Amino acid sequence: MKKIKTKNNSVEVSDSLYISCTKGKGIRLYPLYIKRNTTDDILYYKIELVERDDISDSWHTVNNGVWNIYPNSIEDLFNFISQTTKLKTRETVAVLEEETDQIQFIRSIIKNGTFSRLISEKKIDTNEISFVKDTIRRLEIEAAIAEFENLLETSDIETDFEDWCVKNSWVFGNYYVATDEIHQISNAERVDRLIKNAVNQYRDIIEFKKPSFEVLCYDSGHKNYYFSSEVSKAISQVINYSDIFTLQAHNGLHRHEEIVSYYPKSIIVIGRSCNFNAEQIKAFHALNSRLNGISIKTYDDLLAQSKALLKTIKPTDEVSEIDSDDGIPF
């Protein structure tokens, strides 16, 4: 399949495939290749749930309708379906060898509704469904981590990381469910992201700064660490946002009544911490603990949180016992 370059020089894609599901809805599938300097390209498939806009007659991605799946996970899924449905056919064997066969098999499974029918007829038990669900969770996180690590190696652009966090809002924890497309909180002020609190539906603020920005500085006179000027400016910025947002959206933002704010919390994502020594880690924790309603996170914090979440999901050869309300929301 021919590779096509994207705006990100480290990522290439192949031609996409649209699979019709129902009227006005479909699935878009295409391979992504992430180029690495030290290893072979990383291949995974991006699957998007898409919807047709009747006015513009164009397709757009449905919110939270994006999944990343590695090739070996497709093999696992086909093996699982084959074992469950007893589909010992030539297609289930050939699909493991050629990309074109994989695509055709995905098309046939979705088109004839085999998997959905088996679930509705209760021919697949709860443990098997949990196995599939946890496998998809794990594979999504693995793909997201690979993409994030690649960004850390190749980019210092805030919006690149913002886009990643929008697609993977679970990185901020189960406390949050999704980000909003609305950025304007007043006529003059625009935040990077608003994120919905899962408990009370209020919005909190996320502000992104460059990974290259310094986080801590050292005061040799007093022998202690303090936040850098970039962090300090970001703190002042989100305090101002918080005050304005509370006033503007106390009963719902103008023209977006569903967006409600009441003394929002703020998350500032800035800089790196992978090279912090023990004293810097301690100082960073102490400084963060004394902030009220504001949390400073480095990009390495987000990476560590992603890897920690991955460890809570059992490997794909085990049936997970994680409660269905834990982990990544789908």
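Arg 203 is buried, and so is Asp 180, where buried means under 20% relative accessible area, exposed over 50% and partly exposed in between, computed with a 1.4 Å probe and protein chains only. These two residues form a salt bridge whose closest N and O atoms are 2.6 Å apart, the term standing for a side-chain nitrogen of Lys or Arg within 4 Å of a carboxyl oxygen of Asp or Glu. The pair links distant parts of the chain, since Arg 203 sits in strand E9 and Asp 180 in the loop between E7 and E8, 23 residues apart. Helices (H or I, at least four residues) and strands (E, at least two) are DSSP runs numbered from the N terminus.

The model is a predicted one, in which local features need pLDDT of at least 70 and side-chain atom pairs count only at pLDDT 80 or more, while totals for chains, interfaces and linings use all residues. Residues are numbered from 1 along each chain as its sequence is written, and side-chain values use heavy atoms, with hydrogens and water left out.

The chain as a whole has nine helices and 13 strands, and buried residues make up 43% of its 330 residues. Its accessible surface comes to about 18,700 Å², with 49% belonging to carbon and sulfur atoms; such areas come from the Shrake-Rupley method with a 1.4 Å probe, and for residues only the protein chains shown count as cover. Of the contacts with a separation of 6 or more, 55% are between residues 24 or more positions apart, contact meaning heavy atoms within 4.5 Å.

Strand E9 belongs to an open sheet of five strands, ordered E7-E8-E9-E12-E13 and mixed in its pairing, where two strands pair if DSSP finds at least two bridges between them. Strand E7 (176–179) and strand E13 (294–297) stand at the edges with a single partner strand each, so one side of each is left without a neighbour in the sheet. Neighbouring strands of this sheet are turned by 25° against each other on average, direction ignored. E12 and E13 run parallel and are joined by four bridges, with Ile 296 in E13 as the bridge partner of Ile 268.

Helix H6 (residues 158–167) lies across E7, strand E8 (193–197) and strand E9 (203–208), running at about 145° to E9; the axes behind this angle are lines fitted to C-alpha atoms, for helices over the stretch in contact, and angles run from 0 to 180 degrees between N-to-C directions.

The structure holds nine salt bridges, and another of them is the contact between the side chains of Glu 147 and Lys 167 (2.9 Å, N to O). Glu 147 lies in helix H5 (residues 126–154) and Lys 167 in helix H6, so this pair ties together parts that are 20 residues apart in sequence. Glu 147 is buried, with a relative accessible area of 15%, whereas Lys 167 is partly exposed, with a relative accessible area of 38%.

Helix H5 also carries Leu 139, which counts as buried at 7% relative accessibility. Leaving aside residues up to four places away in sequence, Leu 139 touches Asn 68, Tyr 70 and Ser 73. Leu 139 and Trp 67 are 72 residues apart in sequence and 9.0 Å apart in space, C-alpha to C-alpha.

Strand E10 (residues 216–219) pairs with E11 in the antiparallel sense over four bridges, and Cys 217 stands opposite Tyr 226 in E11. The hairpin of these strands has four residues between them, and there Lys 223 takes a positive phi near 55°. In a regular strand the side chains alternate between the two faces of the sheet.

On the surface, Tyr 202, Tyr 262 and Tyr 263 form a nonpolar patch with about 350 Å² of accessible area together. Patches are made of residues with over 30% relative accessible area and no salt bridge, like charges being joined within 9 Å and nonpolar side chains (Val, Leu, Ile, Met, Phe, Trp, Tyr) within 5 Å. Tyr 263 lies in the loop between helix H7 (229–248) and strand E12 (266–269), and at 61% relative accessibility Tyr 263 counts as exposed.
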